[in-house]
Amino acid sequence: MAELCIQCGAELNAPPALCHSCGAIQPFRAELSLFEVVGLPESYDLDLQALRNQVLQLQKSLHPDRFAQADATTRRSSLEWSTRLNEALAVLRDPLKRADYLLQRQGIDALGEQVKVADPSLLMTQMMYRERLEDLLAARDQNGLDQLRGEVEEASSKAVNKLHILLKKLPCEQVDEAGSVLRELQFLDKLLGEIESGEESLQNL
Amino acid sequence: MALMQIAEPGMTADPHQRRLAIGIDLGTTHSLVASVMSALPTVMRNHDGQYLLPSVVRYCEDGKVLVGYPAQAAAGQDPHNTIASVKRLMGRGHEDVQLLAGHLPYDLVPAEGMIRLRTRAGEKSPVEVSAEILKVLKELAVETLGSEPEGAVITVPAYFDEAQRQATKDAARLAGLNVLRLLAEPTAAAVAYGLDKKSEGLFAIYDLGGGTFDISILRLQAGVFEVLATAGDTALGGDDMDHVIAEWLMAESGIHLDDPLWRRQVLQQARQAKEALTEQEQVELTLDPGQGAPRVIQLTRTQLETLIQPVLQRTLPACRRALRDAGLKVADVDGVVLVGGATRVPALRRLVAEFFQQPVLTDIDPDQVVALGAAIQADALVGNQREDLLLMDVLPLSLGLETMGGLVEKIIPRNTPIPAAKAQEFTTFKDGQTAMSIHVLQGERDLVQDCRSLARFSLRGIPPMVAGAARIRVTFQVDADGLLTVSAEETSTGVRSEVLVKPSFGLNDEEIARMLQDSFAHGAEDIAHRRLSEARVEGERVREALQGALSTDAALLQADEKAQLDAASQHLEQCLTGSDADAISKAVEAVEAAAEALVQRRMDSALRRAIAGRSIDELGE
């Protein structure tokens, strides 16, 4: 059943935060997915530029600055929609968070603390990368760091490609494999952060 | 006015139709006002042609209030009644300014809420003092525009918290201004350039004032200005350049006088030399110590640049940090905007251009750019321009909660766009725990003692469960004004507690920047400390669990097993008094190994008793 505008009674189109007929802000609906909030189809393959434009366009009409003089209920709705839009942009534009979110929508918590999957090859890779990073930082080897960063970035984009294949059809059928690629990507992202902060501390010395 | 104004058709609206609005840069050292006049944002000048009004207010004996240069001139002879840098006191309580108090010559009065200053005109709040500055700017605007402006946009530092923003707004109201909006200074600077050039893209706003440095990364797209990241160093500014030049001058002169007046005189000359050398290649300075012959010293621009190079270099770490926080590379930046008088120094412009690998934008006067941006926004807000801007802000410092061992768990990281919300689950530490104290903090460091405490509240009525079984969900909601609400709920029973706190209330920008710097300077130290704290928490948990088990089931152990376990346990207790994280972790492992037999037998016996029809709950009795 279609939702109706609280002000003019018109049928609401996607995205449903604002009435397309009278422009009224609608009460916040926590049950909507991040995709529904921004009005884009649920998919791993996302046009990031379109996502940004859509979120910014919606923020222009929904941001609390637009309702500074409005009544408390309207201000509350605006705050909730605007918060959710910020969250949607942060989650959906990130390849790791977006994949995690899609799996969570299927009830799979691939990055949760309960998941302690022993993946010996990933563990081994992690140890090797970490040792290399430590050695390079100790030796202040900027070229070596650049090379390591290149390798990690490449591995990371390979992992994202795998996720594109695994999550092409939703709901995902190979959840175990997707989960293990997700954990690999999480590690690579973290490592990239460590390389960057290491480089930063070398530059700042 | 004798001359008639001639305007292109359409360029100037009819004076009766055009609505008047002003932008005000209310600065720590200088303030100024601008407006969009004849389609161009322009700063307003007084009768002497000056547009910079020193942010100094003097309460005179005859009851008059002087603002600007005349007040500044009297600062030395009448310090208690001449208030400078009042911006640092805005929205601050008595405790907050204790750190500043030693550096300020004012007579501070402890009062409910915001601090007050004792002057011969009575006790004045920083809001009232700021209002005096704003009144002068408003008069200038009325005189220039020919009538009252409908509204004003006033700029505040990106780091200003809600209390400071509120105080600024109050000062404007007191001065009879209708505040359309408060605007972050870097955003105002970006607006001045972005709209001027009708460009879209990423801007770096490099703002070096007298005593503070700020770098912000902003994105302008489809009329939305997003602050992506801000970083800075508030113990760094143009004054630092003056100091290194003064040190050099004193060394060069060979005069060693430990006289504050002499030092101030040299410092003054250092500043003038720095300013002169932005245009000239060489200056000649005459240092007169009062006794003996004056010394004449030559200073070339090249020498000056060598002297100030270390100061300039100190701005780069914050630039790297801001870029990294924004997830950007130098090549992504489309424009670099310079703000603040200190950015006139040619060597600085070269360094910034080199760092960002592009020419810096200097066509707008760095002293004016913030006020001009505010004027443009004010003009848009009163309806003169249809283009609607949306300015999106970020959280300046991370929000977190205290966890076991005096550690802070970050819930919302700094530079998250606001409004924002985040929920996190925690659990109980001890068996039967029925209450949980929630301590909300702001800052980047890992330890509670190094962050700013924002609020404490308790969640009571948690049903007694074994340690780790309760699920406590803590939700942070930060609204667009930066106001924070924290609520906590035990999810299996629905027990709730809620508190409204103001983030960064009572934090001044120096503190914010210092806390940010410290987190980077002490990163390694924090990691070591965190490891130790975590090891201690784990050690205590194991020790308590073992004592609990032994008090009921010691009989399950053989004498030699018991002795072994006791030895391991004693060793653990000993390690817990020390500060070696590895030793504690090893001792924990040893206890766990020695307790293996006990754990096994307790489980067996529990199972047997359960099978015999007794509930697990009774086992502990």
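In this predicted model, strand E5 (residues 56-59) of chain B is joined to E6(B) by 3 bridges, and the two strands run antiparallel. Strands of a sheet pair through backbone hydrogen bonds, either parallel or antiparallel.

The pairing of E5 with E6 is part of an open sheet. That sheet has 3 strands in chain B, ordered E6-E5-E7, with antiparallel pairing. Its edges are strand E6 (65-67) and strand E7 (82-84) of chain B, each of which pairs on one side only. From one strand to the next, the twist averages 15 degrees.

A helix covers these strands. Helix H3 (residues 126-145) of chain B lies across E5, E6 and E7 of chain B. Relative to E6(B), H3 of chain B runs at about 70 degrees.

Further along chain B, two helices pack together. How do the axes of helix H6 (residues 238-253) and helix H8 (residues 301-313) of chain B cross? They come within 9 Å and cross at roughly 130 degrees. Angles over 145 degrees count as roughly antiparallel, 65 to 115 as roughly perpendicular, and a value between those ranges as oblique. H6(B) and H8(B) are therefore oblique to each other. Their crossing is right-handed.

The side chains at this crossing can be named. H6(B) brings B:Asp240, B:Met241, B:Val244, B:Ile245 and B:Trp248. H8(B) meets them with B:Leu304, B:Leu307, B:Ile308 and B:Val311. By class, the contact has 8 nonpolar residues, no polar ones and 1 charged residue.

Now turn to chain A. Chain A has 7 helices and 0 strands. Along the sequence, the pattern reads α-α-α-α-α-α-α. Of the 205 residues in chain A, 27% are buried. Take the contacts in chain A between residues at least 6 apart in sequence: 55% of them join residues at least 24 apart.

Finally, the two chains meet. The contact takes 16 residues from chain A and 16 residues from chain B. On the chain A side, helix H2 (48-62), helix H3 (72-92) and helix H7 (175-204) each supply at least two residues. Which helix gives the largest share of that side? H2(A) does, with 5 residues. By class, the side of chain A that touches chain B has 3 nonpolar, 9 polar and 4 charged residues.

Terms used
Residues are numbered from 1 along each chain as its sequence is written. Chains are lettered from A and ligands numbered from 1 in the order in which they are written. This is a predicted model: local features need pLDDT of at least 70, side-chain atom pairs count only at pLDDT 80 or more; totals for chains, interfaces and linings use all residues. Two strands pair if DSSP finds at least two bridges between them. Helices (H or I, at least four residues) and strands (E, at least two) are DSSP runs, numbered from the N terminus. Axes are lines fitted to C-alpha atoms, for helices over the stretch in contact, and angles run from 0 to 180 degrees between N-to-C directions. Two residues are in contact if their C-beta atoms, placed from the backbone, lie within 7 Å. Angles under 35 degrees count as roughly parallel, over 145 as roughly antiparallel, 65 to 115 as roughly perpendicular and the rest as oblique. A crossing is left-handed if the near helix is turned anticlockwise from the far one by less than a right angle, and right-handed if clockwise. Ala, Val, Leu, Ile, Met, Phe, Trp, Tyr, Cys and Pro count as nonpolar, Asp, Glu, Lys and Arg as charged, and the others, Gly among them, as polar. A residue is buried if 20 or more other C-beta atoms lie within 10 Å of its own, exposed if 12 or fewer, and partly exposed in between; C-beta atoms are placed from the backbone.
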